[in-house]
Number of protein chains: 2
Amino acid sequence: MNKNSKPQANQKVTASDVAAKAGVSKWTVSRTFTEGASVSPRARERVLKAAAELGYRPNLLARGLTKRQTHIVGLVVDEMDNPNLLALINATTSQLQSRGYLSMLLNISSENDHGAAISLADQFQVDGLIFLGTVLRDELVELAQQIRHIPLIVLYRNCMDPNIQVVSTDGYRAGREIAALLIEQGYRRIGYMTGLISESTQLRRLEGFRDGLAEHGLAVEEILEGGHYQRACGYRTLERYLETMVPAERVEALFCENDILAIGALDALHKRGEVGSMGIVGFDDIEEAASPSYALTTYRQPLEQLVSEAVRRISLRDAAPRRHLVPGELIIRDSHRRTH
Amino acid sequence: MNKNSKPQANQKVTASDVAAKAGVSKWTVSRTFTEGASVSPRARERVLKAAAELGYRPNLLARGLTKRQTHIVGLVVDEMDNPNLLALINATTSQLQSRGYLSMLLNISSENDHGAAISLADQFQVDGLIFLGTVLRDELVELAQQIRHIPLIVLYRNCMDPNIQVVSTDGYRAGREIAALLIEQGYRRIGYMTGLISESTQLRRLEGFRDGLAEHGLAVEEILEGGHYQRACGYRTLERYLETMVPAERVEALFCENDILAIGALDALHKRGEVGSMGIVGFDDIEEAASPSYALTTYRQPLEQLVSEAVRRISLRDAAPRRHLVPGELIIRDSHRRTH
DNA sequence: ACGCTTTTTGCAACCGGGTGCAATCTGATA
DNA sequence: TATCAGATTGCACCCGGTTGCAAAAAGCGT
């Protein structure tokens, strides 16, 4: 009862089929679908008509085989629990698709076999590999070296290996801008809350922050270790700090490595009824940051631009290991101000 | 200065190369890498050795072309803002990879061209299409009909079209279980908070809930429209309800269509200092549900099982439009109890 | 109408590997 | 040692498209 008798092009329609119907050779069909090939308008029209009637769609495997270009890009993803990641994946796949590329998702979180995944992508002749917010361990770099000569791009994170391309937010610059903002507010005693130490981008952030302060003769008075990417971590870290330090000794402002920690910090201030006693700045501009109850001053990473640059490099087949840092945007709300 | 002179297998190593080095024909090489093909142990060994030395890796495009099986699965994804989605994507890609499949992500959210994306996947000869938490509009179903005969699976959602396979949580059963739980608590006046109406799975949930209550001679006293998947929505909806109804007239317990709404509802109770005055049950068991400040009683969808079933069907090339409903698990915490 | 330049088009070969079939090689049995 | 089944291997050809080359057709000036 399931026999579909509709004349829909259920099975394979090949170029030869179209050729037969259009009364030309299959090569002419191929040329019709090749940009800038030489085909007479008349032939093209007949081919197009026949193709439409038959519902012809070129087999992309075959095309990839001969053209040595598949228009598939491997997206290597780790840490599948970071909510930012979804936005990254969304933006990347979206832009890739609109430029005619397809994304192959390679999950290398936890128990998955990293080597197998990357090798498999290579065997599929992907046109490039984008590491999405992945912290590239040496092990991965080594793997990546063994594959074909294609663009390897670390997006949204940093990677010091000279053979890997990087497209990322200019953390150093961001750090300086935030330092400048806080100094402008008149703060002298300024602190920094780190996330997990392992993430190399953030180091540059702190460096820039430090240098920005140094220009005005200031130093980072206090470095708090925030730890994981969780509100509770920011909360506990600041809470403990507030407990141990009398108000006069505390820093007046705190730059947190990401919004989640910053929001946790704000929660801690709130809990102790000390909202407004310390300027807080975050990083990322996540959705909650805009909520009026936080009004978090933060720094927005130029997501679309970053992705766009990465995609551009892939489509240019640019495998040269350059590094591209894009400036983000300071989002000024209220949390960096002290009200008392 | 960038000339890589290392003897690494930078370029293409084909089966013929391996054959030459191993002193056999390329067909023997092919057979060596084919499960269950007839190759003498001696030949196999020599091929394997040569392959290893040369760093040979079969070209999967070529293989896919002849075998008519690519081991690529298209993951069609919509609503890239739903955080549940990330867990779904993670589980799916992970399981696919461990079974030797690769995932091609097709983003059909917002401005992306749905038709183009799905058609492209088809042209790449994917072995199946999984719609991840996508609400399958008719338009999509129609598109899907036009492609090759491969499994089309809607995962984590429902779809009434008889030509599409469904692998999803048994919402009807869940609804009944929750009804039973609430009745067991002694409640008589029981309500339901909906999410967005458009999502068809949830209808079954309400049906089951309704039937479960009916068995004990009860009905759903109140249907609150929660709206979007946002805490604020659950919050506002319940707040408004509490404002308009005097305690004696209120429902004693409320089953919310998802945890986000349920948590919003708990927030509303908390805000009014009426925690414990109403039993609340959610659905999904998101991370926050376990937090002691909510202790949300909820229903966990069997994510891994669902994914596993979908992957199984793909690998069996089972394109028959069956529908598979998996029971989830009631997670009993405290929020369904009344304390006063 | 004629020679000459451009297009257009057909063909063979190829991308990298897989399959059916027949030829060849085992080696165990008679 | 001859015989024959079964395992192994080579070969031609296929998958579905693309490309370089040369032949055929069309355009053009005179």
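Analyst: Buried means under 20% relative accessible area, exposed over 50% and partly exposed in between, with a 1.4 Å probe and protein chains only. This is a predicted model, in which local features need pLDDT of at least 70 and side-chain atom pairs count only at pLDDT 80 or more, while totals for chains, interfaces and linings use all residues. Residues are numbered from 1 along each chain as its sequence is written, chains are lettered from A and ligands numbered from 1 in the order in which they are written, and side-chain values use heavy atoms, leaving out hydrogens and water.

User: Is A:Thr237 buried or exposed?

Analyst: A:Thr237 has a relative accessible area of 15% and therefore counts as buried. A:Thr237 belongs to helix α10 (residues 231-244) of chain A; helices (H or I, at least four residues) and strands (E, at least two) are DSSP runs, numbered from the N terminus. Apart from its neighbours within four places in sequence, A:Thr237 is in contact with A:Met193, A:Leu224, A:Glu225 and A:Gly226 (heavy atoms within 4.5 Å).

User: What order do the twelve strands of the open sheet have?

Analyst: Two strands pair if DSSP finds at least two bridges between them. Here the order is β11(A)-β5(A)-β4(A)-β3(A)-β1(A)-β2(A)-β2(B)-β1(B)-β3(B)-β4(B)-β5(B)-β11(B), and the pairing is mixed. At the edges stand β11 (323-326) of chain A and β11 (323-326) of chain B, each pairing on one side only. Within the sheet, β4 (residues 152-155) and β5 (residues 165-169) of chain A pair in the parallel sense over three bridges, and A:Val154 has A:Val166 in β5(A) as its bridge partner.

User: Which strands does helix α6 of chain A lie across?

Analyst: Helix α6 (residues 114-123) of chain A lies across β2 (102-107) and β3 (128-132) of chain A, together with β2 (102-107) of chain B, and runs at about 145 degrees to β3(A). Such angles run from 0 to 180 degrees between N-to-C directions, with axes fitted to C-alpha atoms, for helices over the stretch in contact.

User: Which residues come nearest to DNA strand D?

Analyst: A residue is near a strand if one of its heavy atoms lies within 4 Å of it. Of the 28 residues around DNA strand D, A:Trp27, A:Ser30, B:Ser25, B:Trp27 and B:Thr66 come nearest. A polar side-chain atom of A:Lys26 lies 3.4 Å from a base nitrogen of DNA strand D, whereas one of B:Thr28 lies 3.0 Å from a phosphate oxygen. The largest share of this surface, five residues, comes from α4(A).

How values were computed
A polar contact is a pair of N or O atoms within 3.5 Å; within protein, one must be able to donate a hydrogen and the other to accept it, and residues adjacent in sequence count only if both atoms are side-chain atoms.
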